[in-house]
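Dear colleague,

Please find below the sequence and the structure for your records.

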There are 2 protein chains.
Amino acid sequence: LYYYINNQFIPADQAAVSVKDLALQRGYGVFDFFKTINGEAQFLDEHLNRFFNSAQHLRLPVAYSKEALKAIIAELMQQNNMADSGIRITLTGGASESGYAIATPNLIITQQAMQFNHQLAGKGFRLITYQHQRQLPFAKTTDYIMGIWLQPLIQQQHADEILYHQNGWITETPRANFFIVTKDQKIITTKNNILQGITRNRIINIAQNEFEVEERDIHLNELPDAAESFITSTTKQLMPVSQIDEIMIGKGTTGEISKWLFNQLVFHVKI
Amino acid sequence: LYYYINNQFIPADQAAVSVKDLALQRGYGVFDFFKTINGEAQFLDEHLNRFFNSAQHLRLPVAYSKEALKAIIAELMQQNNMADSGIRITLTGGASESGYAIATPNLIITQQAMQFNHQLAGKGFRLITYQHQRQLPFAKTTDYIMGIWLQPLIQQQHADEILYHQNGWITETPRANFFIVTKDQKIITTKNNILQGITRNRIINIAQNEFEVEERDIHLNELPDAAESFITSTTKQLMPVSQIDEIMIGKGTTGEISKWLFNQLVFHVKI
């Protein structure tokens with residue numbers, strides 16, 4: 001297994017960065033993550049565009065053009081020769097002499113074998129709500145300290161994931177976007193203070209062909225009336241949500257619109 | 001120059017950790033930072049106690065006793081042979097296979113030569129306020145993404161540092177605690193949702209001998225009435241504050257109580 005770090009392909013177990021790197025010392029870094037299926041990168045342009053946006057938002061210069069990154073990714077995929085995988089591009093604050101000022105970013109590309117569901121999960125996720133707003137939500141930063149810190153709470157509550165809100169206004173989960181479907185088949189997803197997920201945007205595009213779609217704030221008190229709910233991410237694709245805190249969503253089983261969207265997403269990936 | 005990583009003293013320029021480390025990938029880590037003066041570690045017990053507390057708060061096991069850490073630090077100091085320096089102990093989430101679950105932490109100890117002021121700064125800091133609450137404020141985590149991200153704002157405003165508040169209630173700066181002195185010589189420092197600074201606690205102890213000291217929330221609207229203000233940290237020791245946004249503090253010059261506290265702090269370090 002090879003990783004790529006600053007102009008070099010390196011065996012994964014030797015891939016390391018200086019302990020002075022600002023990502024390690026001060027949590028200052030951005031990344032993006034996309035999947036490969038049958039050896040083909042999925043929505044690579046969208047992920048790279050977001051990666052460049054995140055980097056710019058954090059004032060981290062990217063010493064590569066988009067085309068250069070594509071060529072490196074293609075070579076990494078060829079060297080590792082995995083059919084289905086996840087590829088992560090990380091850009092760090094660099095080895096900072098002052099320990100605080102942005103230095104020359106390190107670019108790190110890693111790949112790992114992954115399987116993605118071809119069938120919708122039989123049982124939906126149970127989410128528990130937690131009041132928190134991610135810092136710099138429009139950038140895909142490396143800041144997941146709250147998501148990881150809250151893992152024991154998830155286990156104690158026999159839940160699957162956290163749902164962040166601010167004063168009752170839902171934003172997202174630590175690693176996925178949030179949707180509800182109303183009883184009159186309107187598909188609604190949160191709009192503000194979230195990461196614009198690539199899969200979220202795909203679902204919006206797919207759904208718009210058949211349904212009314214709204215991007216707007218969603219309040220916790222709308223959940224008892226929702227017919228369906230699901231979360232979306234590159235890894236989870238579309239995961240139904242059956243319960244949020246003590247509220248059962250719809251009948252507590254996976255809804256028909258969720259099923260339809262999942263099938264469109266997974267089997268018509270390149271519509 | 002040597003650093004220490006997991007049982008080994010390593011030349012600083014070779015000191016590296018795996019790119020899979022959760023501190024780099026997900027910003028999950030804690031640290032502490034203390035100074036050495038004339039080759040003596042300052043308030044080492046207090047810093048190590050806080051380090052263990054931060055680690056526990058983030059569920060990161062420390063594979064060393066306090067005494068073992070002290071021995072390692074003593075050996076590192078001997079190898080590097082610096083009189084005045086800063087030493088940082090970092091504990092990371094470790095190289096995580098899942099990229100999300102806490103793994104075996106890496107312990108990293110770094111040292112750098114530093115000089116600390118023996119004279120109070122002639123001109124106080126200008127702070128600018130910013131609404132933000134640090135995540136997990138009681139732990140000294142590696143999360144400084146907002147503090148670094150806000151650097152251009154500081155430069156644009158010709159200021160020296162940010163002062164965080166939440167709905168007008170002051171907490172701290174990204175790397176220091178906040179104090180005001182009232183016109184009737186009461187010394188007040190913020191209490192809630194802050195990092196309990198070691199220097200903050202020293203100042204409280206020193207001040208209590210001569211003045212009334214209060215630990216309580218401080219609102220931005222108290223600032224126009226303050227006689228003096230200062231921030232405290234291991235590196236800055238005691239730094240006077242002359243202006244906060246457009247508000248001049250007292251006469252805009254360094255106050256007598258700030259001077260007295262600085263002298264007590266710096267010249268009677270081991271009271």
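**The interface between the chains**

In this predicted model, 43 residues of chain B are in contact with 43 residues of chain A. The two chains bury about 4,100 Å² between them, and 60% of that area is on carbon and sulfur atoms. On the side of chain B that touches chain A, the elements of chain B giving two or more residues are the strands β1 (2-5), β3 (16-18), β6 (85-92) and β7 (107-113), together with the helices α1 (22-26), α4 and α5 (151-156). By class, the residues on this side of chain B comprise 23 nonpolar, 13 polar and seven charged.

As to specific pairings, 19 residue pairs are in polar contact between chain B and chain A, counting pairs with both residues at pLDDT 80 or more.

**Salt bridges**

Over all chains, the structure holds 22 salt bridges. One of them joins A:Arg50 to A:Asp32, with 2.8 Å between the closest N and O atoms. A:Arg50 belongs to helix α2 (residues 44-57) of chain A and A:Asp32 to strand β4 (residues 29-37) of chain A, so this pair ties together parts that lie 18 residues apart in sequence.

**The largest pocket**

The largest pocket holds about 740 Å³ of space. Its lining consists of 26 residues, and those nearest the centre are A:Gln133, A:Gln166, B:His132, B:Gln133 and B:Gln166. The lining of the largest pocket divides into 11 nonpolar, 13 polar and two charged residues.

With kind regards

Note on methods: Residues numbered from 1 in each chain as written. Chains lettered and ligands numbered in written order. Predicted model: local features only at pLDDT ≥ 70, side-chain atom pairs only at ≥ 80, totals over all residues. Heavy atoms only, no water. 1 Å grid on protein atoms, 1.4 Å probe; cavity = no way out; pocket = protein on both sides within 12 Å on 5 of 7 lines; lining within 4 Å. Points joined across faces, edges and corners; volume = space filled by probe spheres on them. Nonpolar A, V, L, I, M, F, W, Y, C, P; charged D, E, K, R; others polar. Contact = heavy atoms within 4.5 Å. Buried area = accessible area lost by both parts, 1.4 Å probe. Polar contact = N/O pair within 3.5 Å; in protein donor to acceptor, adjacent residues only side chain to side chain. Helix = DSSP H or I, 4+ residues; strand = E, 2+ residues; numbered from the N terminus. Salt bridge = Lys/Arg side-chain N within 4 Å of Asp/Glu carboxyl O.
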